[in-house]
Structures are given as C-alpha cells and as structure tokens.
Amino acid sequence: MKAKKIAALLVAAAMTITMIGCGNDANTTSTTEPAATETPADSGNTTATDVPEVEGQGDLIPVDASLDFENGNDQIMGFVNKLIPGTNEGTYSIADFKGTKAVKMESNGNNPCVAFDLGAILGDKIADVASIDLFIGTETGSDFYAASGSLGVMAAGNSYNEKWSVYLDTVNPKIANYKIPDGVTLQAGDSFGVAITTDNCLDKTGVPTIVYIDNLAFRDASGNLIEADADAVFALGGVQGDDPNLTILSGVQDLGFSAKGDGWAQAGKAWADIADKIQPGCVFEIEYSCKDEAGKDSPVWFVYNGLVTPDTEWGWVRGVNEEDHLVPNAQYSTGKVQFSYDDLAAFWGEGFETAFADGAELQCEAQYAWEVYSIKVGMPTTLVALTNVQDLGFSAKGDAWSQAGKAWADIASKIYPGCVIDVEYSCVDESGNDSPIWFVYNGLVTPDTEWGWVRGVNEEDHLVPNAGMGNGRVQFHYEDLVAFWGEGFESAFAEGAELQGEAQYPWEIYSIKVGDVAPKNLANVVDLGFSAKGDGWSQAGKAWADIADKIYPGCVLDIEYNCVDESGNDSPIWFVYNGLVTPDTEWGWVRCAAEPEWTIEGATLSKGRMLVPYESLAAVWGDGFESAFADGAELQGEAQYAWEIYSIKVGTMN
C-alpha cells in the first residue's frame, strides 16, 4: 500500500464538526430491524471533520488511507441493490480532485449510489473492519449548494445506513466516519456504499452536484489502518447489477458507436460497419446523456440517413413518433434507452438493416444537446432484475440424469412465498446449445409425510412454466414450484431432505441466489420528508399541506417501509386520507386499500418497498385529490401489523 497520504488527521480532528451539528439527522436503519434515531456521535453515527487545504494550492492535506485511487482503477466500484434503500445505479469514474485522484459521482436526481466489494478489496481481513473513514467533497460550479446522502454497509443481506453532509463551502471536503454496527461482522459478499440523496444545486439550478470520494481508511477496533488491494475488481455483479427498468440482454455486441450533437443535430456511423450485427428480434441499448432546461433526462432517438437510388426510395427518416419523439414500447432508465428491432421496423420496414447498409448512416438526434457514449445490441431474455438478494451457498454438478445438491435444512429459511430462485449454471446439448436444468426434491418418506423423490419440472418438456432464462441463468418463481411441491414446501421439506439439480446432459450449478423482483427505479425523484410508524390498525402521517405540491398526475410514490406478520413475512401497508368534513367537501376519513387483501390496486410490492401510481390513488380519491385534500388533511399510513414508513419519494417512471 502506498504511504503517499500521511498524517494530518490530528490537525483535522481538532476541527471536528459532527453532521448533527450541521442540522443533519444521524439515523441508522436496517432492512430487517430499524434502529433508533438521534444516536449520539460517539456511539456509531457518521461524523464529519473539516479537512484543511494546502495554502495557495487548494490541494488536500494527505492522510493515511487504505485506498487512495491514485492507480486509476475504475473497476473497483459498482452497484448493489438495496445496499442503501431507495438508491439507484449512478455514473462514476476516477477523476482529479484538489490535486489527487478520487471517485467522481454525479447526482442525477435519482439518488445514485456507488458500492465497494469489501471481500475483493480486503480479503481475509474483512472481518477486522470496525470503522471506515473517507473524504467526501462536492463541486457545484461558481456558487456553493448543500448536498447530503447516506453511507452504509450491506452485511449478510441487511443494510445499515447513516448520513453524511457537506453544507459549508468553507469546509469542503469533510472526513466522514462510519462505524460498523454492534454485533455485525463483515464477511465475503458484503459491501460498503456512498449515496447522494439531497442535491440542492440540482433542485435550484438544474445543474447536478459532483461528489468526490477519496482516502478510504478501513480500521480495526483499535483504530489501526487495514491494508487493501487497490487493484481489486468489483465482483458483486450479476443478479445485483441488473437494471429493473431495462430488458436483460444476452449475446451483447458493441456497435462501436459514439457521437454527439446539438439540439436537432444528427451524427452517427455508417450502416455498412454495423449492419451485420443487427438481426430481427434484437434490442438496441443506447447509453447517452441529454438534458432539458430543467436538467431532466430528455429522450434520444435514431435517424436513418440514406441515399435515394434507383433501387430504394429511402432518404432521411426518423425512427420515432414525430408528435412526442418517443418510440412505442421503448424502455428508459437513467442515461439509457432500449429500442426493439420490431419497433424500429414499424418506421423503416422489415429487413431495414440490409436495405440501409449501402451508403447509409445510423444517426442519433434529440431535442437538446446530446451525446451517445455507446450502442449495444443483444437478444432479449426473460430474466428479471432482483433485489434483497441472498446467496444459498449452493454449488453442485452431475452427469446427465444424475442429481446432486444441498440439505434443505441449510437453505429452507431463505426460501419464502413470492421469492425468485436464480440459478447460475452450465448445461449444453450435443450441438453446444444451452439445455435446461431443473430441481429435484429428494426427501425421506416417514409416517408424517408422503414425500420421497419429486422433480420440480414438467416431465414432458423438462421446463418450468414462467421460468426466466438467459446468459447461463434460469429463474424459478416460488409459485411455479408450488405447483409441483405444494404450498409451504420449504418448511415441509427441511427435515432430512435435499434440494438437488438435474438435467438431460452433464451439468454444473455455480450458485443459487434468492431475491424479490426489483421494482422499477424512478426518475426526477423528490423526497416528501415523510416518516411515521404505528401499531396494527393505527394511523400516523403528515399534513397534506406540506406535501401536496409534490404530488401530480402521472407521478409514482416510492414507499420504503417495514411491516411483518406473526411469521415474519412481509405484510402490505396502505394509505389513509384523514381530512376534515367542511361545507366544501364531503371527505373525512377514507382508506385507499382493497379489502380483504388490504392492497392498493396497481401498486408494485417487493420486500420493504412499494410503488404506488397516482392513478391508483385517484381511483379511490378522485382526480386532483392532492389539491382537494390539502386543507387541514393528513396523508397517513396504516397496516394490519406494527408498521414503520422510513421514507416516501415521488418521481416518474422511466
């Protein structure tokens, strides 16, 4: 480890300012058991220490660090779903900051988070980590604006988060400190993350804040610095890295396309260079940047720029609806869009990739200044992105029609109704094509059970209905396995039984993970500042007058919450309108939930998170309810069991 960064912590420590002193709550939350708020700084809260600069240079005073990023290794970071709840994958790189190298992360209105794979970075020393120090600085242009966010670890599938903030332009950057929660020991597969959740510059000017992260110092319980591998590569991808807003692709090829232009300008690449990679059924994935006057993402689209010849009437044609400049069925995520071949064929005709090749260009265009960084092409899979992922520690292999696996008793506690079981495997037929794999329940027949040996697959085609497949992965939904094994099989099978793999050809299972279908991420996110909790059938909430101006037709409410039944399974939460009956309104107290299921129609649920479209609420309360309800009313939460809402954010679906 380089010793380039030496010792000014003693100087900096003399100027310590806690984040609580900057008006920032220091809450710790867990996805399984929420911790108390307002914890004193010396018991585990994030603290911020002023970092002096070298006079006349603006450079940071160097300090001891496990990671200083001076080698420029941008493969050391990535993204982990639910590490910090409510955050999304951002744009990050290694860049210059105040005379040194640092991780650069841009706020995008979508709560970006960058993660570090602690197992890859620290190896066997990961269990010794008791605290983590780091520099956090911001860049907002000529005027200073406040920014804040969260630090956290994902340990054994649970997240533990605290706050950071940079409020004073005279104290930028700061040293933030994160203490590993009592009773938590980090292990391989765990991660550390930094997220941006408040960006006053973006809100006020439309220009996003740039956040810089540097000098990560991993320390043991005695405060000793732990050495780290600066050349480590982030290895927690796969299931955790899938974007829930986009189709997961297989056989991806890069078209080698990059271009940029002003608003309504076009630029691109010759069709002849890319046509052989385009085929019916494929999906184009474009990574790009284009912002409107408010700093929000604006769409980019394709243009065919060809030559009119005796053999073709084609000249210059947009591949987009001219009215709204959108492609039907396009899928948008922050900085990315996917267009299907079939949607483009509706504008250009079947076989356009061949007809357009001679002398033509594939170009991009947008309403505002734009840049396309890459265009990739792949075939769609039926896989879904997962969140709340847990690894079963399962690996096995066998010959054709042989079985091998792992005791149910070791994994049953991680299987639950509604989950998705994600299997990474290899099995190919005589032609080298992927061949399916499936599960076998191998149990014991006892006086209490008739179970013995049962495949979890259709015997005719050896497929599981609704299974997702692609990229050497298959996903089985709990409900589809119930069709073979019955409700509650995970408990009934636990004693003396095995979960096994089987296939028609030699096979190997590398891993099995379990998680929930990840809800789509939102764009243009605004936090309502809503938190509340209550017992079963009790209500609590926030005045409509404080939040009504942030609710609008077409928006989606993103609720992060906790509510479990007697068995520890997630139980739904819903909203209550608690208003005042006046001469101008007949409204009083109205639930927005369907009985007896107690769910909101149209809402998307996953463990600890719920997305509720405006239209679902309007179906009960009427269009424009956000204005009608504002005077003297409250938006409240309610559930059948003790519940807590940690946050409600509002945004638009990408």
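**Figure 1. Pairing of strand 27 with strand 33 in the predicted model.** Strand 27 and strand 33 (residues 498-503) run antiparallel to each other and are joined over 4 bridges. Strands are DSSP runs of E with at least two residues, helices are runs of H or I with at least four, and both are numbered from the N terminus; two strands count as paired if DSSP finds at least two bridges between them. Within this pairing, G405 has Q500 of strand 33 as its bridge partner. The structure is a predicted model, in which local features need pLDDT of at least 70 and side-chain atom pairs count only at pLDDT 80 or more, while totals for chains, interfaces and linings use all residues. Residues are numbered from 1 along each chain as its sequence is written, and side-chain values use heavy atoms, with hydrogens and water left out.

Figure 2. An open sheet is built from 4 strands in the order 27-33-29-30, with antiparallel pairing. Strand 27 (404-407) and strand 30 (453-455) each have a single partner strand, so one side of each lacks a neighbour in the sheet. From one strand to the next, the twist averages 25 degrees; axes are lines fitted to C-alpha atoms, and angles run from 0 to 180 degrees between N-to-C directions. Strands of a sheet pair through backbone hydrogen bonds.

**Figure 3. Two aromatic pairs.** The structure holds 21 aromatic pairs, defined as rings of Phe, Tyr and Trp (its six-membered ring) with centres within 6.5 Å; planes under 30 degrees apart are stacked, over 60 edge-to-face, and the rest tilted. Y341 and F352 form a stacked pair, at 4.7 Å centre to centre with 25 degrees between the planes. Y341 lies in helix 4 (residues 341-348) and F352 in helix 5 (residues 352-355), 11 residues apart. Both Y341 and F352 are buried, where buried means under 20% relative accessible area, exposed over 50%, and partly exposed in between (1.4 Å probe, protein chains only). W485 and F489 form an edge-to-face pair, at 5.3 Å centre to centre with 70 degrees between the planes. W485 is buried at a relative accessible area of 3%, and F489 is buried at 1%.

Figure 4. One aromatic cluster consists of W544, Y577, Y614, W621 and F625. In helix 9 (residues 614-621), the buried residues include Y614 and W621, together with S616, L617 and A618. Just after helix 9, G622 adopts a positive phi of about 90 degrees.

Figure 5. C282 is buried, with a relative accessible area of 1%, and C364 is buried at 0%. The count of disulfides is 0, a disulfide being a pair of cysteine sulfur atoms within 2.5 Å.

**Figure 6. Confidence along the chain and overall content.** The chain averages a pLDDT of 81, and 84% of the residues score at least 70; pLDDT is the predictor's confidence in each residue, from 0 to 100. Over residues 1-48 pLDDT stays under 50, and the model has 121 contacts beyond four places in sequence for this stretch, a contact meaning heavy atoms within 4.5 Å. Residues 50-59 also have pLDDT below 50, with 26 contacts beyond near neighbours in sequence. Where pLDDT is low, the predicted coordinates should not be read in detail. The chain has 10 helices and 44 strands, and 51% of its 654 residues count as buried.
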